[in-house]
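Biologist: I'd like to learn how to read a model like this one. Could we go through it together?

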Amino acid sequence: MVAFEHPHPHGALAPTAHLELPFFDDAHRALANGLVAWAREQRVDESDDRAACKDWVRRLGAAGWLRYCVPEDHGGALPGLDSRALVILRETLAYHSPLADFAFAMQGLGSGAITLAGTAAQQAIYLPAVASGEKIAAFALSEPEAGSDVAAMALRATPTPTGWTLNGQKTWISNGGMADFYVVFAKTEPDAGARGISAFIVNADAPGLDASAHIQVMAPHPLATLTFTDCRVDSDALVGPVNGGFKLAMQTLDIFRASVAAAALGMARRAFAEAVAHAKTRKMFGQTLADFQLTQAKLGEMSALIDAAAMLTYRAAWQRDCSSTSGAGTPAYTAAAASAKLTATENAQRVIDMALQMFGGRGVQVGQTIEHLYRDIRSLRIYEGASEVQLLILGKNALKT
């Protein structure tokens, strides 16, 4: 697939009417308009997902878009991580190329713990390189027997006179095998559950780290299993306090959860645009597909599902950025982000499925935009907190009120 190709006569340019909503200010609107203009000019061969991701990181870094992944003091575009900027960037990129969105998002997620809790030295080494695209980041949390149940992780970090030794595995790691460094979460107190986890920066060339076991999935997405065998890191590799890793991981995911919703929203908008253009041009029984009331009803349902997801996504991002009483880490924001992630990913799956049905046989033809979106959207209902986890967060929050 080559990103940003629009073969049908109506094109498929990212919609921008939602930017007039009060959740955004003029700076966000300028960001979005600049990104759309840049995106129209890009042509990336995505037949090799790993090569394409490296290309996207290089392009995004050179154009300055990765500067929104880190704070201003370390080469970033804004004083801190701005959720609304992240939402705009991810929605727009995902509309054009889910792989471009992935490349952008992992720079932020992979370096997020360093932004939140890294030492001045760690931040100076890694964050400017992330912002420029010089270094590719990765977030290593999941394990073969510890996905949603983070506290069940078994990767062990044992103290040594000069640092730590890591033994165990991580799996389903995005950017695995191509990242320059990993933020790795490991047990430092094996019997302490979630209270016994710490975070470490592990460079890709660290002795004892094997990232060669690549995982192939249904949509282009570079994944790997990481195996740590007596992998030694220095004491300055620790991010944040000892045994503070679980809280740090949750804080990082909390910040980026609304942006996952935005990525789903971008894919849904693209499917909707493709469906509308197809309905206007597809001839059937002496008229166009758009002339049938059943088609109009389906497009209406798709539009409503997208709008509902958008409102929750933008609200969550706005809530984190602008509310002094409901900022990141509070129950109100956590619930808002969970609601956004749940609704946007589930609604996007429905929208894309309806769009595919409208295309008929062409919808499942390999290489078609809708077919690609159909495969791309599925993982968003799982990663960074599966839909079932979001339901639990919302249910527990409801019982507290």
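Biologist: Let me start with one side chain. Which residues does Leu-166 touch, not counting residues up to four places away in sequence?

Modeller: Keep in mind that this is a predicted model. A contact here means heavy atoms within 4.5 Å. By that cut-off, Leu-166 touches Leu-155, Arg-156 and Ala-157, then Val-184 and Val-202, and finally Phe-228, Thr-229, Asp-230, Cys-231 and Val-233.

Biologist: What is the largest nonpolar core, and which residues have the most contacts inside it?

Modeller: A nonpolar core is a set of buried residues such as Leu, Val and Phe, joined through side-chain atoms. The largest one here has 123 residues, and Leu-166 is among those with the most contacts inside it, along with Leu-60, Phe-104, Tyr-182, Phe-185, Val-202 and Phe-228. Helix α6, residues 245-281, gives this core its largest share, 17 residues.

Biologist: And how many of the residues count as buried?

Modeller: Buried means under 20% relative accessible area. That covers 56% of the 401 residues. As for the surface, it comes to about 16500 Å², and carbon and sulfur atoms account for 54% of that.

Biologist: How many helices and strands are there?

Modeller: You'll find 10 of each: 10 helices and 10 strands. The radius of gyration is 21 Å, close to the 21 Å from the globule rule for 401 residues, so the protein is as compact as a globular protein of that length.

Conventions
Residues are numbered from 1 along each chain as its sequence is written. This is a predicted model: local features need pLDDT of at least 70, side-chain atom pairs count only at pLDDT 80 or more; totals for chains, interfaces and linings use all residues. Side-chain values use heavy atoms; hydrogens and water are left out. Helices (H or I, at least four residues) and strands (E, at least two) are DSSP runs, numbered from the N terminus. The radius of gyration is taken over C-alpha atoms; the globule rule is 2.2 Å times the number of residues to the power 0.38. Buried means under 20% relative accessible area, exposed over 50%, partly exposed in between (1.4 Å probe, protein chains only). Accessible areas come from the Shrake-Rupley method with a 1.4 Å probe; for residues, only the protein chains shown count as cover. A nonpolar core is a set of buried Ala, Val, Leu, Ile, Met, Phe, Trp, Tyr and Cys residues joined through side-chain atoms within 4.5 Å.
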